Amino acid sequence: MPHPSHTWQRIHALSSSAKETDLTPLWGYVILVAVSIFFVLCMYMLVFSKLLPETGVELLDWIKHDRYYCYLAPATVPVTVGFIYFNWLSLKFFRHN
């Protein structure tokens, strides 16, 4: 019978290859950049566009005078994240009870 530590080393060697790279930091940076861009855009839509003068750019002036979509777009993201989380949570409760 093989020694338990040798079995563990064999299983560990099979589960992770030297060629595999960990992409977790890369995805962390991607999420960080995406959230930063979203934050800047939302701040422009909600605050800065109302304080700045007319730009002459049709899209930016539309955002400046808009009172509906400038609040709807930022509010959609947390509601969607909450919906996905509670959907996942209810599925976990259903499967494990």
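What follows is a short chat about a predicted model of a single chain.

Q: Hi! Which ground rules apply to this model?
A: It is a predicted model, so local features need pLDDT of at least 70 and side-chain atom pairs count only at pLDDT 80 or more, while totals for chains, interfaces and linings use all residues. Residues are numbered from 1 along each chain as its sequence is written, and side-chain values use heavy atoms, with hydrogens and water left out.

Q: Thanks! How many helices and strands are there?
A: There are four helices and zero strands, and the pattern along the sequence reads α-α-α-α. Helices (H or I, at least four residues) and strands (E, at least two) are DSSP runs, numbered from the N terminus.

Q: And what share of the chain is buried?
A: Buried residues account for 11% of the 97 residues. Buried means under 20% relative accessible area, exposed over 50%, and partly exposed in between (1.4 Å probe, protein chains only).

Q: What about the surface of the chain?
A: The accessible surface is about 8700 Å², and 74% of that belongs to carbon and sulfur atoms. These areas come from the Shrake-Rupley method with a 1.4 Å probe; for residues, only the protein chains shown count as cover.

Q: Let's zoom in on H3. Which of its residues are buried?
A: In helix H3 (residues 58-65), they are Asp 61, Ile 63 and Lys 64. Down the axis of H3, these buried residues fall within an arc of 155°, so they line one face of the helix. The arc is that of the directions from the helix axis to the C-beta atoms.

Q: What sits on the face turned away, and what covers the buried side?
A: The face turned away carries the exposed residues Glu 58, Leu 59 and His 65. The cover over the buried residues includes helix H2 (24-51).

Q: Where is Ser 49, and what is it in contact with?
A: Ser 49 is in helix H2, and at 1% relative accessibility it counts as buried. Leaving aside neighbours within four places in sequence, Ser 49 is in contact (heavy atoms within 4.5 Å) with Tyr 44, Ile 63 and Lys 64. The C-alpha atoms of Ser 49 and Trp 62 are separated by 9.6 Å, with the two residues 13 apart along the chain.

Q: Are Cys 42 and Cys 70 buried or exposed?
A: Cys 42 counts as buried at 8% relative accessibility, and Cys 70 counts as buried at 1%.

Q: Last one: where does Tyr 68 lie?
A: Tyr 68 lies in the loop between H3 and H4.
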